[in-house]
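Look at the sequence and structure first, then read on.

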Amino acid sequence: MWAMIVKEFLQLRRDKRTLAMMIVLPVVMLVVFGYAASFDVSKIPALVVGPEAASYAKHLRAPFAPVTVAPRESVSRAKEALQDGTAEVVFVAGEHSVQALIDGADLFSAQATRAAIARQASPQALLRSFEKALPPGHFVLTPIGALPPKVDILYNPGLKTAVVMVPGLAGVILVFIGTLIASLSVVRERQAGTLEQLGVMPLSPWDVLIGKVAPYFLVAAVDLAIVLGAGMLLFGVPLHGSALVLILGALLFLFVTLSLGVLISSVSQNQGQAIQLAVMTVLPQILLSGLIFPLSSMAIGVRWIAYILPLTYFVEIARDVMLKGTPIWDLWQPLGFLALLGAVTVSLATLRFWRLLSPSSGRERHARGAAGAAS
Amino acid sequence: MNWGVRSLTVRFGARCALRDVTFEAAPGEVRGVVGGDGAGKTTLVRALVGAIGHAQGEVRRPPAREIGYMPAGSGVFQDLSVDENLAFTAAAYGMPRAERDERATQLLERTGLLDARKRLGGELSGGMRQKLGVLLAMLHGPSLLVLDEPTTGVDPLSRADLWRLIAQAASEGAQVVLSTSYLDEAERTSQLLFLQAGRALASGTAADVVRAMPGRVRWAPERPPGDALERSWRRGASWRIWTPPGVSEERKDWEAVSPDLQDAVTVAALAHELQGAHQGGASQ
């Protein structure tokens, strides 16, 4: 048994990359995820519209911040703020009533908003705040704001977890298929000894890359359709927006995750390394993309990581299109970032393929012309 | 045009895997790269087909479309069937379907793989897989066919089948280069290059290599004593002793033999080793 233990240690020591990942990775993940793992919503951006907006806004306390006051803004324009995420809640302050519109697509923020409204709208609390705001000797006669606002939760009226999670989970499934499974594709060829064969064949690195990605792309696309279809049928997830926009976002996202998988595969020496590297990219996406923990709750030092992860943008696109019906022109940012990430990963993967498959390119005199003459 | 390498040096980091090696293929000929384990055979054929780069020298090879290459380990896709392996290779080389079907059937018949068309590459026996590897490499009728140890681990019958295939490729006009550690196979090649520790120690036809052997080889029934021991090797039940030119040592139980290729390459390797040892000793 001792001999076996020593042998395993020796093998592990040789595989320095695996050893480094085993030691460094848990520490990095603990620190990153520790700062990211927070359901606390400390700030809720609010927009107050309507004729009484200015006076109503005065009485909004933390966690409502920042509070934007726009008395002349229409309700429909205010809803656009909810749709594009600039506000989590819109207060429509009329002369006789107040209505609170909450973005239900952001589950934790919506729950925190509802709780905060309930706290602030308790008559005693509001009366106290009104009285404090008045000059001495004046009394509150008609404290309209003391009446609890009528709360309307948009996009996910029941605040159902499944409605919010299913669009994002579709992305998680694609990450698993795309990154994890595709990460084994090249390294498998390398270990079987057939990668060299491909390198010698008259196939360009681009041919090999696209050839590798295409089947996974197709399977993942079918998976996506099944997952979203099942989500809609079983969990009542709506599709308020355009299916074409959702498909566009999903295709871009797939392109990024598959390219990332192939890139990981091309830099890994064996399947164990490939899986470890893939997990290193999959786990942060699940935990930092806003799928589970709200982005607004993450520490700034960690939040920037979320903005370089493709799942962050897919979750935003899928939720916005499915739950809010957001049109394509309001999604140019996440779509653009996905396209950019796709361009970067596919360029890196192609470069890596070029190195793997054409190690001798440009270094020796090819006798192409002579071959033509000879043949 | 003859494909090949000239003054080729290949380095892997600090290690020099090939040093100043020149080798040339020729149309209609099977030429061999011979040597023991770690001699640099695989490095040479990989550099020739462009699978690895090189530090110095020149590589002349046709475009990828005209190269057929079988890496060590057959290069067969294990999770594809024989037919699927053939179809992929043919497609990669842009062969029309009808031409592919005709040639594949003919080659499968010759190698006895016709009944195994539906079997996965990973399910084939070692010999069958090697045959399929050669078949894949020559399917598109390459002008340069490079085979890395195609017969290693293959039984004698399958080796004979493989050699028939290889000879067919040469007869079709291909320039065939194969690496082998078997000297009986090296004797079947028209020209050979003997490598030892990344250096070319002998080249030419088998007869040239034998003729160029310096000194004499003698036979002894028992292990030789003294200095001769470092210049001797066991062969069968007896011993061979190499006497370099200029060395005089006569014993009546040592008989002069007419050297063969095995003697010649062993002498080349011994001479190289002894020269290195003496140079090392002198420098110290």
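Buried area is the accessible area, found with a 1.4 Å probe, that two parts lose on being put together, summed over both. This is a predicted model: local features need pLDDT of at least 70, side-chain atom pairs count only at pLDDT 80 or more, and totals for chains, interfaces and linings use all residues. Residues are numbered from 1 along each chain as its sequence is written, chains are lettered from A and ligands numbered from 1 in written order, and side-chain values use heavy atoms, without hydrogens and water.

**Domains of chain B**
- Chain B has domain 1 (4-204) and domain 2 (214-283), with bounds from an automatic or database domain assignment.
- The centres of the two domains, taken over C-alpha atoms, are 34 Å apart.
- About 700 Å² is buried between domain 1 and domain 2 of chain B, and carbon and sulfur atoms give 82% of that area.
- In this pairing, 8 residues of domain 1 of chain B are in contact with 7 residues of domain 2 of chain B (contact means heavy atoms within 4.5 Å).

**Terms for helices**
- Helices are DSSP runs (H or I, at least four residues), numbered from the N terminus.
- Axes are lines fitted to C-alpha atoms over the stretch in contact, and angles run from 0 to 180 degrees between N-to-C directions.
- Residue classes are nonpolar (Ala, Val, Leu, Ile, Met, Phe, Trp, Tyr, Cys and Pro), charged (Asp, Glu, Lys and Arg) and polar (the others, Gly among them).

**α11 and α15 of chain A**
- The axes of α11(A) (residues 243-267) and α15(A) (residues 332-357) come within 8 Å and cross at roughly 30 degrees.
- The two helices α11(A) and α15(A) are therefore roughly parallel (angles under 35 degrees).
- Residues in the contact include Leu248(A) and Phe253(A) of α11(A), and Leu335(A) and Arg352(A) of α15(A).
- The contact of α11(A) with α15(A) holds 18 nonpolar, 5 polar and 1 charged residues.

**α14 and α15 of chain A**
- The axes of α14(A) (residues 310-324) and α15(A) come within 9 Å and cross at roughly 150 degrees.
- That angle makes α14(A) roughly antiparallel to α15(A) (over 145 degrees).
- Among the contact residues are Tyr313(A) and Glu316(A) of α14(A), with Phe337(A) and Leu341(A) of α15(A).
- The contact of α14(A) with α15(A) has 9 nonpolar, no polar and 1 charged residues.

**α3 and α5 of chain B**
- Helices α3(B) (residues 97-111) and α5(B) (residues 156-171) pack at about 145 degrees, with axes 9 Å apart.
- Arg103(B) and Leu107(B) are among the α3(B) residues that meet α5(B), whose own include Asp161(B) and Leu165(B).
- This contact of α3(B) with α5(B) divides into 2 nonpolar, 3 polar and 4 charged residues.

Key:
Angles under 35 degrees count as roughly parallel, over 145 as roughly antiparallel, 65 to 115 as roughly perpendicular and the rest as oblique.
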